[in-house]
Amino acid sequence: MIDDPILVTEEQIYNWVKDFNSWDICDQACGNLFDRTPFAIEKAIEFSSYDEEFIKRAGFVLMAEYAMHNKAATDAVFIDLLAYIELEAWDERNFVKKAVNWALRQIGKRNPALGVAAIETASRISRQNNKAAKWIAADAIKELKKKEAP
């Protein structure tokens, strides 16, 4: 897992993620390498719609890690990602729903404007008729509103 983000190719990212078989390998590769590549957002969006559990998790982990590590990214990048989070909040698989929730919370923690956008997204997610979506929304709202409190 030691590599230079500048040298990583899209093909390499795909070859690695298709072999993920645990959350910790997924999270370490995404949070220590892939989120620093020029393909991070493109891959986050692409992977978020995959059926394979750990590839899909990688999409949302990339969103969370990018939100934490890329201080120069604009709010517009994250506003766009919120739509993918809302779209995929139905996935009941534990490793996916936890990553969806993590991405939502990390985007919301970046600044007050994104906090409001994340809470609004979570409110819409809470109206989905799905147990995973309701959990994702409730947990994110609880944490993001706690951060707002004086």
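In this predicted model, helix α4 passes helix α5 in a left-handed crossing. The two helices, α4 and α5, pack at an angle of about 155 degrees, and their axes lie 11 Å apart. Because angles over 145 degrees count as roughly antiparallel, α4 is roughly antiparallel to α5. On the side of α4, the residues that take part are Phe60, Met63, Tyr66 and Ala67, and these meet Val77, Phe78, Leu81, Tyr84 and Ile85 of α5. Sorted by class, this contact of α4 with α5 holds nine nonpolar residues, with no polar and no charged ones.

Helix α3, which spans residues 40-47, has Ala40, Ile41, Lys43, Ala44 and Phe47 as buried residues. These residues cover an arc of only 165 degrees around the axis, and therefore they sit on the same side of α3.

| Helix packed against by α3 | Residues |
|---|---|
| α1 | 10-17 |
| α4 | 53-69 |
| α5 | 75-87 |

A further residue to look at is tryptophan 23, which is placed in helix α2, residues 23-32. Tryptophan 23 has a relative accessibility of 44%, so it counts as partly exposed. Leaving aside residues up to four places away in sequence, tryptophan 23 touches Phe54, Arg57 and Phe95.

Notes:
Residues are numbered from 1 along each chain as its sequence is written. This is a predicted model: local features need pLDDT of at least 70, side-chain atom pairs count only at pLDDT 80 or more; totals for chains, interfaces and linings use all residues. Side-chain values use heavy atoms; hydrogens and water are left out. Buried means under 20% relative accessible area, exposed over 50%, partly exposed in between (1.4 Å probe, protein chains only). Helices (H or I, at least four residues) and strands (E, at least two) are DSSP runs, numbered from the N terminus. The arc is that of the directions from the helix axis to the C-beta atoms. Contact means heavy atoms within 4.5 Å. Axes are lines fitted to C-alpha atoms, for helices over the stretch in contact, and angles run from 0 to 180 degrees between N-to-C directions. Angles under 35 degrees count as roughly parallel, over 145 as roughly antiparallel, 65 to 115 as roughly perpendicular and the rest as oblique. A crossing is left-handed if the near helix is turned anticlockwise from the far one by less than a right angle, and right-handed if clockwise. Ala, Val, Leu, Ile, Met, Phe, Trp, Tyr, Cys and Pro count as nonpolar, Asp, Glu, Lys and Arg as charged, and the others, Gly among them, as polar.
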